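Here are my notes on the model you sent over.

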Amino acid sequence: MRSGLAPKLIFVVYLVLLMLPIYWLINMSLRTNEDIMSGLSFFPHHPTIEKFLEIFDDPTWVHAFGVSLTYVALNTVISVAVALPAAYAFNRYHFIGDKHLFFWLLTNLMAPAAVFAMPFFQLYYAVGLFDTVWAVVLAHCLFNVPLAVWILEGFVGGVPREIDETAAIDGYSFPRFFIRIFLPLIANGIGVTAFFCFMFSWVEQLLATTLTSAHALPFAAVMTRAYSASGMDWSLLSAAGVLTMVPGAFVIWFVRNHIAKGFALGRV
Amino acid sequence: MIDKPINNRAWFFVLPVLAFVLFSSLIPVMTVVNYSVQDTLGENNFFWNGDSWFRDLLNPHTTIGARFNDALFRTLAFSFVALAIEVPLGIAIALCVPRRGWSVGISLVVIALPMLIPWNVVGTIWQIFTREDIGLFGAALTGLGLHYNVTQDAVSAWVTIVVIDVWHWTPLVILLSYAGLRAIPDAYYQAARIDGASRWAVFANIELPKLQKVLVIAVLLRFMQTFMIYTEPFVVTGGGPGSATTFLSIDLDKIALGQVDLGNAAAMSIVYYLITLTVCWVFFTIMTQLDRRRDA
């Protein structure tokens, strides 16, 4: 239905512009600091992976990477799990205060992290969760749970109500209906939601670094090591930056078809 | 539209969500409210201070009031500029994304990549990329004979922050719009072809109205995020030169953590929060009203 070269051309130009800064980072990560400072170069003339090896050999880096992945995974699972029944309730029923509650949930997306960093620190310190992955998991729930409810609500709305009624007539109990029939119907929505939860938890740094100090230090916090008294270790910083993109790229690869089909509201 | 049944037991479905969100929001919010009405002479002795922090803040003739006004204006201007570029650009690119074939998967992964980079790494990427000596962007602009200097020139700093935001977040608009476009049944396009509709007519009468729902999500999310923008200016410009890129959250951070002026910072964050809330509420209400009118 659409033809012509123009859209393709525009798209390719956009992709190139999009990739340039990322390419530049990869380019930097494969060069030594002396090489970087010696001048502009479009590709590494003497590519080296020494900085990557340095990161893999250092238990602090590896541990921090594991910590980051752990809290992101836990947060994604919790957010989606608690948001599913809530999204169903918001879409299917009227109940006292439903609209206000929904909007209140959304307001939590608007809380600037810079403001809440201090009170968060005090709260999690008081309950003894400071410097554990759970502190970060719970803190990220503040914005990921409302977001998950919001996205899932749209997908629940895409499933015709007749399906609920038919299942009830066929003698399905509610939990059985919900798990066996309803969840598979909104699998796309769950994929998309999980992707967004993963993304926002993975990229959030301010709370993650405020709520941890040694044991549960996230990867991004360890990156500050590259700023040393002797100046910036651009090469190390770039290599670490390249590594932070890897998990995200994997996740998006797995949900790419859901994203494409996703938000197909009302066409299930 | 069929009316939803009233069922107050649905609250049980919402309870887990409530528990998780309340745990992380109630006490921190109350702490901020507390600080906003108290003053201290040190040593953790706080006393009631009424609304005086707020009165100072909202009076443009006080130092803090003037500072707040400036930062608020800068932040609103930034949100406006960013949305004005990202939303049309996002829709336009979404129309160009391939719909079938091997290139779909790759395209989506590449588009989404910037969003999956942690914020401080985004800062790092652009810190390098905009340097005149080792960064392509900085070197290219300088090479073209433009006066480009992030740390000394206010225009450069602003352009840089906007470019970063567009680079970082247009993909969100693209992905949401793309998903919305894919949801349009082919029958609509066939009908349009039979009627001999122009490309523009198809866009204005079929695609754009169908995109409304996802665009609400995209615009609301983008407004909230640009209004709270923090990391990019913090890492790349540090709020400078002068205070050219000192947006609200940067200013808040300076007051709360830099000067440990908790009363002012708390009052400021509450006013800030209320502004976001109002804008979103208005937007939300308008959009749901439109939705209802269309369904009716």
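1. Let me start with a question: in which hand does H1(A) pass H3(B)? The crossing is left-handed. Bear in mind throughout that this is a predicted model.

2. On the geometry of that pair, H3 of chain B covers residues 63-96, and its axis comes within 8 Å of the axis of H1(A). The two axes cross at roughly 120°. Angles of 65 to 115 degrees would count as roughly perpendicular and those over 145 as roughly antiparallel, so H1(A) and H3(B) are oblique to each other.

3. Which residues meet there? From H1(A) come A:Pro7, A:Ile10, A:Phe11 and A:Tyr14, and on the H3(B) side they find B:Ile93, B:Leu95 and B:Cys96. By class, this contact is made of seven nonpolar residues, with no polar and no charged ones.

4. Stepping back to the chain-chain contact, chain A puts in 78 residues and chain B 74. On the chain A side, the elements giving two or more residues are H1, H2, H4 (59-92), H5 (98-107), H6 (113-126), H7 (133-157), H10 (187-203) and H13 (234-261). That side of chain A divides into 64 nonpolar, nine polar and five charged residues.

5. Now for chain A by itself. The assignment gives domain 1 as residues 1-48 and domain 2 as residues 53-261, with their C-alpha centres 30 Å apart. Eight residues of domain 1 of chain A are in contact with seven of domain 2 of chain A.

6. What supplies the domain 1 side of that contact in chain A? Helices H1 (6-29) and H2 (33-37) of chain A each give at least two residues, and the largest share, four residues, comes from H1(A). The side of domain 1 of chain A that touches domain 2 of chain A has four nonpolar, three polar and one charged residues.

7. Last, confidence. Chain A has a mean pLDDT of 83, and 92% of its residues reach 70 or more. Within chain A, the highest mean belongs to H4(A), at 92, and the lowest to strand S1 (residues 227-228), at 65. Please also check residues 263-268 of chain A, where pLDDT stays under 50. The model has 22 contacts beyond four places in sequence for that stretch of chain A.

Notes:
Residues numbered from 1 in each chain as written. Chains lettered and ligands numbered in written order. Predicted model: local features only at pLDDT ≥ 70, side-chain atom pairs only at ≥ 80, totals over all residues. Domains from an automatic or database assignment. Contact = placed C-beta atoms within 7 Å. Nonpolar A, V, L, I, M, F, W, Y, C, P; charged D, E, K, R; others polar. Axes fitted to C-alpha atoms, helices over the stretch in contact; angles between N-to-C directions. Parallel < 35°, antiparallel > 145°, perpendicular 65-115°, else oblique. Left-handed = near helix turned anticlockwise from the far one by under 90°. pLDDT = per-residue confidence, 0-100.
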